[in-house]
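Please look at the sequence and the 3D structure below before reading on.

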Amino acid sequence: MTSIDPNTNTAYATMDWEYYHQGRPPYPPSLTSLIYTYRRLHPHTRWERLVDIGAGSGIATTNFMADFQIIHISDPSASNESQARVFLPKWAAKHGLQPTFEYAQGVGEEAYLHTGESQVDMVICATAAHFMDPDGLVTSVGKMLRPGGTMAIFSYWLPTFPAQSENFHKVFSAVFERVLMQQLQEDAPLTTQGELMYNLARRQGAGEGVLDSLPVPEELFEDPVRVYINSAKDGRLAYQEYFAKHYPAGFRPEEYNRVGDRDKKVRYNSGIDDEAEGWEFEVDKEWLITYLNTVLPPQQKLEGETAKVLLADWDRVFEEECPSGRLLVQWTANLVLGTRK
């Protein structure tokens, strides 16, 4: 999350994606259904070519692969492209699918240069928008989409634990903050640390959801919809207060909120709404170390005595509050939808 590669503008340029998805939530079928329900409201759209911006290994693409003939994978990392070239054809063959795959290296703001303009039917960007300039990303999507095409940008935030105490959440946030700030201190000079925290808050902490800094320009898109899954009752992003102390003086992330008056807002909650199913699941105590290691660069994984010391408070509070050895984890997720004019 914090060790940004200057050539690819992402912390995941050399990620082992198999390991990554052991600690992160999968994109559930309910998310795909939300996108398709919206898309079918605009029946003049075609189902031919899909683009995945910031695709990594292409794991999010698999949710949509059965419905598109051409799959275009866009990512700035050569390592990620190599993994996608192995993973996606194998996944397609296993599921009896034969799409045509395209691969391109480039930042999201310039992804349209590799697709051509008005040549795409749907664009997704999965938990990668915070590495990109919001205006540049949306403009790029607008350029590549055909009229009637669908923009679907989605992301999730830090997990919460519905059955646990406030103290449990404090322990989790303290451990996460320690890992985050330690990584900043090791990887970046002081001035860059401030810039990284600023960009993270500006792009992910601008509003109720992690995509509220993303515009849906009226000149490009119609029917904008913002979906909030498992939002906090107070309308604040979870753990925001723990990160606020690291913001630059006078910095107000809410000033970067781009939610417009015409944007439709929809809210769903896991355990209540079918649209939010698949965003919570049970884990054991060891899940946290796996999750933290997906935040860190692969070469700096936490293990051995270092992990034991870092997780001492977590181990204690887990034993106190989770005698069964199981913990319910719930993820806050957001989806921004728009239809190209």
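A residue is called buried if its relative accessible area is under 20%, exposed if over 50% and partly exposed in between, with a 1.4 Å probe and protein chains only. By this rule Tyr-156 is buried, and Trp-279 is buried as well. The model is predicted, and local features need pLDDT of at least 70, side-chain atom pairs count only at pLDDT 80 or more, while totals for chains, interfaces and linings use all residues. Residues are numbered from 1 along each chain as its sequence is written, and side-chain values use heavy atoms, with hydrogens and water left out.

**Core**

- Leaving aside residues up to four places away in sequence, Phe-154 touches several others, among them Tyr-27, Ile-35, Phe-64 and Leu-335, where contact means heavy atoms within 4.5 Å.

**Sheet**

- Eight strands form an open sheet with mixed pairing, in the order β3-β2-β1-β4-β5-β10-β6-β7; two strands pair if DSSP finds at least two bridges between them.
- Because β3 (100-105) and β7 (264-268) stand at the edges with a single partner strand each, one side of each is left without a neighbour in the sheet.
- Strand β5 (residues 145-156) pairs with strand β10 (residues 333-340) in the antiparallel sense over seven bridges, and Phe-154 stands opposite Leu-335 in β10.
- Helix α5 (residues 134-144) packs on the sheet, touching β1 (49-53), β4 (120-126), β5, β6 (221-229) and β10, and its direction makes about 145 degrees with that of β5; axes are lines fitted to C-alpha atoms, for helices over the stretch in contact, and angles run from 0 to 180 degrees between N-to-C directions.

**Aromatic rings**

- The structure holds 21 aromatic pairs, meaning rings of Phe, Tyr and Trp (its six-membered ring) with centres within 6.5 Å, where planes under 30 degrees apart count as stacked, over 60 as edge-to-face and the rest as tilted.
- Tyr-156 and Trp-279 form a tilted pair, 6.5 Å centre to centre with 50 degrees between the planes, and this pair links strand β5 with the loop between β7 and β8 (280-283), 123 residues apart.

Conventions. Helices (H or I, at least four residues) and strands (E, at least two) are DSSP runs, numbered from the N terminus.
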